[in-house]
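Here is a briefing on one protein structure. Sequence and model come first, then the notes, grouped by topic.

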Amino acid sequence: MANDPNIDEVQGIPLMTKDTAGRLSEKQRVDYGEEIRSLLKWLLSAGKDPERLKGYAQSTIYTSTNHIDVWARWVWDEEGYTSTFTHDHADDYLFHLGTQTDYSDYYLASIFKTLKRYFKWQVHERNGTEWDPQYSFNDPSSTKPQEYLSIEERERLRDAALDYRGVPHYKSLTPEERSRWKAHLAVRFEKSKSEITPADFERANGWKFTSLIWVSLDVGLRPVEVERAKTSWFRVEDTENPKVVIPADDSTKNTEHWDVPLTRKTGEAVKRWIAERDAYPKYDDTDTMWLTRESNPYASSSLRYLLIQLCEEARIEVEDRRMSWYAIRHSVGTHLAQTKDLKHAQRVLRHKRTETTMKYNHPDENQIRDGQDKIG
């Protein structure tokens, strides 16, 4: 990306190439340039680790900006000018690149990382939603698998969700213990200690977190699906055949109607939570299934915090792991692909294409040895 004195820069990185600037009108150059300026500033200052305000190296972002520049021109060729790029733009571009034969694996992996950084910026700075790519290009030099929970960890997480943020029964406590728990609940429910009643103790042992975690362990909800989830999605009246039904208008890609079974235990937890949520005033004017303490829908950051807290309760190691809400989803896909087949995983994860589900097919060592034994 050759520097041009007529093109503005951020820390020595041009906002666009001459090819891009040359095809845009003056207003479009300003519009596109300001979006890229915001993107570059965030990537350089916080993009690598937003919680610690750690940015990427200048050389890394220089390459990423070049990739975005080429992607933008491809989108404009297909659909006309825009400065806001969507998940569909990225998926279509990856499909286009994947059908070409003159791109190396390293180049494709670099493009894929760039697009992930772009949508990470949208999530943190533009109130965007998590990108669940239909296609994946991995660096051939990288052997680290996608983070996911083991079968044992899933069981621990399921058990921890039963007691998370629970409290002892009111009548089982001594006056001194009760006083301490009242102080705790006063902070939790934003009430004075004197206002805490036995009903608040019952409320603290509710079904919200159990239903949220168990549904996600069953069907691998994406963060954006947790955010969008409505009570109307859940069909739990028939206790023998509970399910989650996501209408096309609410689905992540807005193209498919999804109907996925839930386990009977999860159906019962959902049924109890829907009945319980009516007691909370913050749900009076919304059909949103789960809200945070601040009455907001859950987002990636709040879900990650919840997962880390639950992992600590369940004694699940999180240090040196890229633990995010997607670890639950990836565990669903991986273990269903191993214990059943890709078709099972595809339906539960709500993928249109089997190729998308293939990335969850990680045979473990025992499966590999079994295959080796069978072929002699």
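Val244 has Val260 of S5 as its bridge partner. S5 is a strand of residues 258-261, in a predicted model where local features need pLDDT of at least 70, side-chain atom pairs count only at pLDDT 80 or more, and totals for chains, interfaces and linings use all residues. Residues are numbered from 1 along each chain as its sequence is written, and side-chain values use heavy atoms, with hydrogens and water left out.

**The sheet**

- S3, S4 and S5 form an open antiparallel sheet of three strands, in the order S3-S4-S5.
- Strands here are DSSP runs of E with at least two residues, helices are runs of H or I with at least four, and both are numbered from the N terminus.
- Two strands count as paired if DSSP finds at least two bridges between them.
- The edges are S3 (234-235) and S5, each of which pairs on one side only.
- S4 (residues 243-246) and S5 run antiparallel and are joined by four bridges.
- Ile246 has Trp258 of S5 as its bridge partner.
- S3 and S4 are also antiparallel, with two bridges between them.
- Phe234 is bridged to Val244 in S4.
- S5 has two faces: Trp258 and Val260 are on the covered one, Asp259 and Pro261 on the uncovered one.

**Helix H6**

- H6 spans residues 151-163, and its buried residues are Glu153, Arg154, Leu157, Ala160 and Ala161.
- Buried means under 20% relative accessible area, exposed means over 50%, and partly exposed lies in between (1.4 Å probe, protein chains only).
- These five lie on the same side of H6, because they cover an arc of only 125° around the axis.
- That arc is taken from the directions from the helix axis to the C-beta atoms.
- An α-helix has 3.6 residues a turn, so residues three or four places apart point the same way.
- The buried residues of H6 pack against H9 (208-219), H12 (300-313) and H13 (326-339).
- Contact means heavy atoms within 4.5 Å.

- H12 gives the most, with four residues.
- By class, the lining has 14 nonpolar, eight polar and 10 charged residues.
- Nonpolar covers Ala, Val, Leu, Ile, Met, Phe, Trp, Tyr, Cys and Pro; charged covers Asp, Glu, Lys and Arg; the others, Gly among them, count as polar.

**Single residues**

- Arg37 lies in helix H2 and counts as buried because its relative accessibility is 17%.
- Leaving out residues up to four places away in sequence, Arg37 touches Asp8, Glu9, Val10 and Leu15.
- Ala57 sits in the loop between H2 (26-45) and H3 (58-79).
- Ala57 counts as partly exposed because its relative accessibility is 43%.
- Ala57 and Gly47 are 10 residues apart in sequence and 9.9 Å apart in space, C-alpha to C-alpha.
- Thr197 belongs to the loop between H7 and H8, and is partly exposed, with a relative accessible area of 33%.
- From Thr197 to Lys182 the C-alpha distance is 8.3 Å, with the two 15 residues apart in sequence.

**The chain overall**

- The protein chain has 16 helices and five strands.
- Of its 376 residues, 45% are buried.
- Among contacts in the chain with a separation of 6 or more, 61% join residues 24 or more positions apart.
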